[in-house]
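Take a look at the chain below.

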Amino acid sequence: IGMDVESTWKALLAGRSGVRRITRFDVSGFPTQFAAEVVGFDPLDFMSFREAKRTARFTQLAAAAAQQAVQDARLDLAKEDATRVGIEIGNAIGGIGLIEKQALAFHERGVRRINPTFVPLIIANAAPCHIAVVLGIKGPTNSPVAACATGVVAIGQALRWLQSGEVDVMLAGGTESATSPLALAAFSRLGALSTHNEEPEKACRPFDVERDGTVMGEGAAVLVVETLEHAQQRGAPTLAEVLG
């Protein structure tokens with residue numbers, strides 16, 4: 001529902017839904033035919049063409065969110081000790097779409113059709129590692145995996161790094177892009193997805209008596225988390241305090 005914090009927040013306040021019929025592949029025959037896809041995202045707004053070719057979509061979304069977070073927090077990484085800045089950005093199955101495509105390519109056309117960069121594209125920590133390289137961050141760089149709780153676990157891990165005294169600043173959050181035929185089929189078979197195909201924008205209704213499941217989605221969110229002393233010292237625009 002937005003490519004940055006401002007547009008996303010305005011859309012939330014306006015009650016706009018980002019759930020719609022899936023357009024990325026043919027969903028006829030699927031019990032669930034909708035998802036919350038990021039529409040209109042162009043990775044070239046945040047990275048070079050070469051970088052885009054060497055990163056999966058979940059990494060691209062995370063890179064965009066991280067860059068915006070650093071900018072919004074007015075954090076000048078050039079003035080920071082790179083070894084005291086870290087990253088905790090997780091995902092659950094962000095690379096599943098590429099795994100599905102490469103498996104099909106392998107079975108249909110053989111070993112030579114496998115992308116040589118397949119493993120670094122789909123590995124869970126691809127997103128934080130890419131961001132660390134691009135931004136010159138040399139502190140702890142990790143990717144927690146905790147299903148739907150991954151993003152909040154990342155914030156908790158960031159807090160612990162800060163409490164340990166090993167870092168001053170952490171980029172923390174989550175990223176996911178798993179809207180693929182295999183993932184949609186798997187979550188449908190699990191019985192986890194809503195089947196309100198006739199009204200997808202209202203399908204996610206967790207407190208409604210007619211609720212019938214969750215809705216798949218994609219996106220990324222990253223926060224700049226730092227010690228109070230560090231934030232005050234640089235005059236950071238503080239949004240919230242993590243109490244525990």
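What follows is a short report on a predicted model.

## Overall fold

The protein chain holds nine helices and six strands. Its radius of gyration is 19 Å, close to the 18 Å that the globule rule gives for 244 residues, so the chain is as compact as a globular protein of that length. The C-alpha trace spans about 55 × 50 × 30 Å along its principal axes.

Of the 244 residues, 41% count as buried. Among contacts between residues at least 6 apart in sequence, 69% join residues at least 24 apart.

## Surface and charge

## Helix α6

Helix α6 covers residues 126-135. Its buried residues are Ala 126, Ala 127, Pro 128, His 130, Ile 131 and Ala 132.

Just after α6 comes Gly 136, with a positive phi of about 75°.

## Thr 32

Thr 32 sits in the loop between β1 (20-21) and β2 (34-35). Is this residue buried or exposed? Thr 32 counts as buried, because its relative accessibility is 3%, and buried means under 20%.

A polar atom of the Thr 32 side chain lies 2.7 Å from the backbone oxygen of Ser 194. Beyond its neighbours within four places in sequence, Thr 32 contacts Leu 184, Ser 188, Leu 193, Ser 194, Thr 195 and Asn 197.

Methods. Residues numbered from 1 in each chain as written. Predicted model: local features only at pLDDT ≥ 70, side-chain atom pairs only at ≥ 80, totals over all residues. Heavy atoms only, no water. Buried < 20%, exposed > 50% of the residue type's maximum accessible area, 1.4 Å probe, protein only. Helix = DSSP H or I, 4+ residues; strand = E, 2+ residues; numbered from the N terminus. Polar contact = N/O pair within 3.5 Å; in protein donor to acceptor, adjacent residues only side chain to side chain. Contact = heavy atoms within 4.5 Å. Rg over C-alpha atoms; globule rule 2.2 N^0.38 Å.
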